[in-house]
Amino acid sequence: MAEPVRIPNAKVALSTASVYPESTATAFEIAGRLGYDGVEVMVWTDPVSQDVAALRRLSDYHQVPILAVHAPCLLITQRVWSTDPWTKLRRAQAAAERLGASTVVVHPPFRWQRQYARDFVSGIWRMADETDVRFAVENMYPWRYRDREMLAYAPEWDVTKDDYRHFTVDLSHTATARTDATAMVDRMGDRLAHVHLADGNGSAKDEHLVPGRGTQPCAELLERLALSGFDGHVVIEVNTRRAMSSAEREADLAEALAFTRLHLATATATHTAANAARPTDPAARSADGGTHRRVPRP
């Protein structure tokens, strides 16, 4: 008898950035309607994204948990929650604790934030030691213009070159960096705590395509996570700004969710079927006369 497919414990969340230029409130509504497991709040210029009480009300009303908080690390959010980067992180931590989120996503500093960059690795460790919230540092990419390349992040855009307790891997960023996503995940190892799932074609622009529409190993990564028992969050963080209507935007987000759930389940289904097909009788013979060993089922 076939064994049931076991879906991994990883939860699939929607980044509120995925509905831009629509609002944070719209992201909760769409996440609830499409059946996402939760949201990751991108703290940015939308006042609701900065307001913990408002976020709690949205979460309660739509019955959509807040699984992660993305600290305001973008150029356009330099004045959100203070101009001091450590204050931003402390406020992100406090928001995550109050909202029941397990993860704060943070980018490495910009190079011109010299003092912040100098203390960043040790500072993230200190903050991580003070809370159960995971600070998952996200891989970035070089900035490119024509044939020129600028290293905009410090200590490194490739965060695996530094020592952090937890990582976020972003597959749109690996595409923009033109780096091997699988090799990066290998370097992250069991410190990979969070995934930003999106696709890209290696453009100089950070594309954040719907998974499956670019060249990144999105399906392969999901299947690998499923087989490894990954229990972090997989967050759909895609660019839907070119959607011609709200319905088209929602269709893209439904496609991204279906893609993610399919490939998380495919790996466990394939693994289960492969184990079920192996003979469990020690006397069973292979075609070349060898004896199959008994293989316990997962």
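This note comments on the side-chain contacts of a predicted model.

1. Salt bridges overall. The whole structure contains 12 salt bridges.

2. Arg249 and Glu22. These residues form a salt bridge whose closest N and O atoms are 2.7 Å apart. Because Arg249 belongs to helix H8 (residues 246–277) and Glu22 to the loop between strand S1 (11–15) and helix H1 (24–34), the pair ties together parts that are 227 residues apart in sequence. Arg249 is buried, at 5% relative accessibility, whereas Glu22 is partly exposed, at 23%.

3. Asp158 and Arg187. A salt bridge joins the two side chains, with an N to O distance of 3.1 Å. Asp158 sits in the loop between strand S7 (148–150) and strand S8 (166–170) and Arg187 in helix H6 (residues 181–188), so the contact ties together parts 29 residues apart in sequence. Asp158 is buried, at 6% relative accessibility; Arg187 is partly exposed, at 39%.

4. Arg213 and Glu255. The closest N and O atoms of this salt bridge are 2.7 Å apart. The pair links distant parts of the chain, 42 residues apart: Arg213 lies in the loop between strand S9 (192–197) and helix H7 (218–228), and Glu255 in helix H8. Arg213 is partly exposed, with a relative accessible area of 42%, and Glu255 is also partly exposed, at 34%.

5. Network. Salt bridges link Glu29, Arg33 and Glu250 in a network.

6. Aromatic residues. The search of the whole structure gives 12 aromatic pairs. Trp86, Tyr116, Phe120, Tyr164 and Phe167 form one aromatic cluster.

7. Cysteines. Zero disulfides are found in the whole structure. Cys73 is buried, at 15% relative accessible area, and Cys218 is buried at 1%.

Key. Residues numbered from 1 in each chain as written. Predicted model: local features only at pLDDT ≥ 70, side-chain atom pairs only at ≥ 80, totals over all residues. Heavy atoms only, no water. Disulfide = S-S within 2.5 Å. Buried < 20%, exposed > 50% of the residue type's maximum accessible area, 1.4 Å probe, protein only. Phe/Tyr/Trp six-rings, centres within 6.5 Å; stacked < 30°, edge-to-face > 60°. Salt bridge = Lys/Arg side-chain N within 4 Å of Asp/Glu carboxyl O. Helix = DSSP H or I, 4+ residues; strand = E, 2+ residues; numbered from the N terminus.
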